[in-house]
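Could you walk me through this structure as if I were new to the subject?

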Amino acid sequence: MTLTPHGMRFAALFVGAAISGMPALAQEGPIRIGVLEDQSGDFAAATAVKVHAIELATKEINDAGGIAGRPIELVIYDTQSDNRRYQEFMRRVLQQDEVDVVFAGFSSASREAYRPIANQFDGLVFYNNQYEGGVCDDNMIVTGAVPEQQFSTLIPWMMEEFGPNVYTLAADYNFGQISAEWVRQIVAENGGTMVGEEFIPLGVSQFSQTIQNIQESDADFVVTLLVGSAQASYYEQAASADVGLPMASSVNVGQGYEHKRFNPPSLANMFVTTNYIEEIDTPASNDFVERFRAMFPDEPYINQEAANSYIAVNLYKQMVERAGTTDHDAIRAVLGEGDVCFDGPSGNVCLDPQSQHMSHTIYLAKVGDDHSITFPRVWENIEPYWLGDAGCDLTKNDPSAQYTPSNPPPAQ
Amino acid sequence: MDFFHTIFSVMYQFGDAFAFLVISCAGLAVIFGMMGIINLAHGEFIMCGAYVTSAAGRAGLPLPLAILCGALAAAIVGIVVERLVIRHLYQRPLDSIIATWGISLIATQGVLILLGPTMAGVGTPLGSMALGERSYSIYRLVLFATSIGLLGSLYLLFYRTRFGVISRATIQKPAMARALGVDTRRVYGLTFGLGAGLAGLAGGLYAPTMTMVPTMGATFIVESFVTVVVGGADIFVGAAPAAAVLAIIRASLTAWYGHLFGQIGLLVAVIVVIRVMPGGLSGFLKRFQR
């Protein structure tokens, strides 16, 4: 059927009105948050709780009226501890589901697998995990702790307590290698000695040779950066061989709650810097744990990633309400104002505009002989200063890269 | 004295690697080596044994009894699996790969769904002993002794008992065995069950030293297949010397260059052996027997 000239003009007017009317309609729908977390596979013990934390935050926000009146809708995919699933679901969640923001990733390998896709489709992704630091990318907002928060507090404290000789056991992939680099640097800065470094392929579960190497070295303490269930067999084997050295870690206890899963005293004398674990005894923490267990009574453990995910949902809410829109550039502009903060389970935390990382209060947790937790030391409000100091400024430009101490941002 | 300590530590590392290879490959050597079934669910029989052992140990049974329970549970599961699935696949090796892989997936995901991502284990018993400036886990020395004992008992079983002779005869010449009145289907079922039980025994023996997750079988699979392939069809003339040779390669490379090179060494050894001795060590050694 053909339209008369009069009809054509009318049709064009109608279509134009419909198109201009659509954005207004779209703003009224729910805010969709994509959740890509490992609910099965090797990492699930530490990450299934993150989904629950996001669900708890979502329920609390929706009960209070949502974000600027719009309810939150979660689009959850199980990435099965498989990097290819992360890539597949990141594409799906950005292209097909068209969510407003994504909460994704546990292992650093998974993050680096999906980051190019987030860059390609200009998604906004919250990475709520502690990691080896250095990601300078304006598509990423990182609420996890970084080496200058975890290692710069832990290693000097351990060296002062136990001695200057350090042995590092790290998982052999980007997280382990870069974290080991940080440890090396901090040990050198504090006048200590690296008496040994071993990188263990993921999936290795027999550590007799490693244990012997540690015993033959003069180590005063062992920095354990072991990831995954196979490598976690080390603690049991080291305890049964009576290695007897204190251990320092940025990943254990605070993520995989090994002190609850393994028999005492295999984790005795382990010191972990974490920004949150459920044993922290502050009013904010206890209230959070109570609300969490009210919604999820069978939750095995509430770890730092759960707290970070909960805080991240609330930070996102704040930024969207302040920006008045879910548009990513507007959100980044709000972040750039420098005062996006939230009073959560771990105290007051703020987002740093230059690196889009989060400040943290760091708790030093000590695992006792019976696997009970005490906190010998707390460091208040440590900024994620390294990236900003090294030259990453996301308010000015976006290199979309990851930097390490040996590969810092290029001099401007 | 220091020389003695060094020798002991070298022997300990070798014994540890040897024990791991022998114990983890025994079940596969029976099922794959003797029966020719490519059993990709081997790791899951190990996991079954480990889980039952841990559950029994936590329920109060002494550890040796708990390990036997684990082995028995895996054997029973093996007999059931054989009757339901494997029985139909004896002449179809490629299909047995897919079927056993499917069983493996069902087992790991099923355990994950039913029992969660992790299970509390039992601690390693027996403590440690110090020698010089190093200390050693006594349990791992027990594991080495167990691996030798395992080889000995399997030898006695297959070469000195009626069941062993019938089993070997049935696997080598099934038509002849049937002609002589042997119920070959029952023998196959029992032999497969024995292989599964040995896998369960491996799981039970290593359960106190490892974290219990549904995918824990994956850490045994590579070493088991490597040892059985290098060893060839016969457990005693093949898998045992293969385990010894591979243990030496792995222990020395891990000691000198680290875990990564230990694993690389194992895999390079397989490639070389398959190329040079396609029948494995036992095929090579048996040629001298005639």
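**Two helices in chain A**

Let's start with a meeting of helices in chain A: A:Pro147, A:Phe151, A:Ser152 and A:Ile155 of helix 5 touch A:Ser179, A:Trp182, A:Val183, A:Ile186 and A:Val187 of helix 6. Being in contact here means that the C-beta atoms of two residues, placed from the backbone, lie within 7 Å. Sorted by class, the residues of this contact are seven nonpolar, two polar and no charged. Ala, Val, Leu, Ile, Met, Phe, Trp, Tyr, Cys and Pro count as nonpolar, Asp, Glu, Lys and Arg as charged, and the others, Gly among them, as polar.

Before going on, some ground rules: this is a predicted model, where local features need pLDDT of at least 70, side-chain atom pairs count only at pLDDT 80 or more, and totals for chains, interfaces and linings use all residues. Residues are numbered from 1 along each chain as its sequence is written, while chains are lettered from A and ligands numbered from 1 in the order in which they are written. Helices (H or I, at least four residues) and strands (E, at least two) are DSSP runs, numbered from the N terminus.

Back to our pair: the axes of helix 5 (residues 147-162) of chain A and helix 6 (residues 174-189) of chain A come within 10 Å and cross at roughly 45 degrees. That angle makes helix 5 of chain A oblique to helix 6 of chain A. Axes are lines fitted to C-alpha atoms, for helices over the stretch in contact, and angles run from 0 to 180 degrees between N-to-C directions. Under 35 degrees counts as roughly parallel, over 145 as roughly antiparallel, 65 to 115 as roughly perpendicular and the rest as oblique.

Still in chain A, take a look at helix 7 (residues 208-216), where eight of the nine residues are buried. Among them are A:Ile211 and A:Ile214. A residue is buried if 20 or more other C-beta atoms lie within 10 Å of its own, exposed if 12 or fewer, and partly exposed in between, with C-beta atoms placed from the backbone.

Now for chain B, which has 12 helices and two strands. Reading from the N terminus, its elements go α-α-α-α-β-β-α-α-α-α-α-α-α-α. The radius of gyration of chain B is 19 Å, close to the 19 Å that the globule rule gives for 290 residues, so chain B is as compact as a globular protein of that length. This radius is taken over C-alpha atoms, and the rule is 2.2 Å times the number of residues to the power 0.38. Of the 290 residues of chain B, 51% count as buried.

Chain B has its own helix pair: helix 2 (residues 42-58) and helix 3 (residues 63-84) have axes that come within 7 Å and cross at roughly 140 degrees. These two helices of chain B are therefore oblique to each other. The residues of their contact divide into 13 nonpolar, five polar and no charged.

What about B:Gly102? You'll find B:Gly102 in helix 4 (residues 93-115) of chain B. B:Gly102 is partly exposed, with 13 other C-beta atoms within 10 Å.

Finally, see how the chains meet: 33 residues of chain B are in contact with 29 residues of chain A. On the side of chain B that touches chain A, the elements giving two or more residues include helix 1 (2-34) and strand 2 (134-137) of chain B. That side has 11 nonpolar, 18 polar and four charged residues.
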